[in-house]
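Please look over the sequence and the structure shown below.

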Amino acid sequence: MARLEAWMDGVVDGPDRRQELSELASQLGGQLEWLDPRNGEVKLACGDEALLVTAWIELLPGNRLRLLLSSREGMSTGAQVTAAALEVILQGLLDIAKGSTVRFRSDRDGPLLKPQGIAIPAAPPMD
C-alpha cells in the first residue's frame, strides 16, 4: 500500500484558496470534500488502470499545508502511479499558491519529517 506525504510552507488559507483547491481537484478529475474546517479529501482515478488514489489536504496554522496520498499500489515497485499523482498535485498547489515552497516530500526526503533545529547524533562507531 502506497503512502506518500508532502509538507508545504506559504500556503495561506482563506475562501479564495479553498475555491482554488476545489478547482484544482476538478481539473484532476476529482471533487474536494471538506471533512472539517481544515481537512479535505479528494479521490482520483489515476493511470491507465484508473488506480484509486486518495489525497488528504490539511491546512495548518502558520500558512502550512500537509498533503497525504494513499493507494493500493505497492511501494516495492516504487508506487509510480501514486508518485506521479503527488507530482501533479504538488505542481498544481505551487501554481495556485504563488511563493509557496515544498519543505518535505517522503518520496525524496525519506519516510519521516525530521524536526528542524534538532541535532541528530551520529551512530556510535562499530568496532
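Strands here are DSSP runs of E with at least two residues, numbered from the N terminus. The model is predicted.

Six strands form an open sheet. Their order is β2-β3-β4-β5-β1-β6, and the pairing is antiparallel. At the edges are β2 (33-34) and β6 (101-105), each of which pairs on one side only. Helix α2 packs on this sheet and touches β1 (2-9), β3, β4, β5 and β6. The direction of α2 makes about 155° with that of β5.

β3 and β4 are joined in the antiparallel sense over eight bridges. Lys43 has Thr54 in β4 as its bridge partner.

**Two helices**

Two packed helices are described by the angle between their axes and the distance between the axes. Here, α1 covers residues 15-27 and α2 covers residues 80-96. They pack at an angle of about 145°, and their axes are 11 Å apart. Their crossing is right-handed. From α1, the residues Arg17, Glu20, Leu21 and Leu24 take part. They meet Ile89, Gly92, Leu93 and Ile96 of α2. Sorted by class, this contact has five nonpolar, one polar and two charged residues.

**A residue in β3**

Leu44 lies in strand β3. Is Leu44 buried or exposed? Its relative accessibility is 5%. Buried means under 20%, so Leu44 counts as buried. Which residues does Leu44 touch, leaving aside its neighbours within four places in sequence? They are Ala25, Leu28, Gly29, Gly30, Leu51, Leu52, Val53 and Ile89. Leu44 and Ala25 are 19 residues apart in sequence. In space, their C-alpha atoms are 8.6 Å apart.

**Two loop residues with positive phi**

Ala50 has a positive phi, and this residue is not a glycine. Asn63 also has a positive phi without being a glycine. Asn63 is in the loop between β4 and β5 (64-71). The table sets out the values for both.

| Residue | Phi | Relative accessible area |
|---|---|---|
| Ala50 | near 50° | 45% |
| Asn63 | about 60° | 36% |

Key: Residues numbered from 1 in each chain as written. Predicted model: local features only at pLDDT ≥ 70, side-chain atom pairs only at ≥ 80, totals over all residues. Heavy atoms only, no water. Buried < 20%, exposed > 50% of the residue type's maximum accessible area, 1.4 Å probe, protein only. Helix = DSSP H or I, 4+ residues; strand = E, 2+ residues; numbered from the N terminus. Contact = heavy atoms within 4.5 Å. Axes fitted to C-alpha atoms, helices over the stretch in contact; angles between N-to-C directions. Left-handed = near helix turned anticlockwise from the far one by under 90°. Nonpolar A, V, L, I, M, F, W, Y, C, P; charged D, E, K, R; others polar. Pairing = 2+ DSSP bridges.
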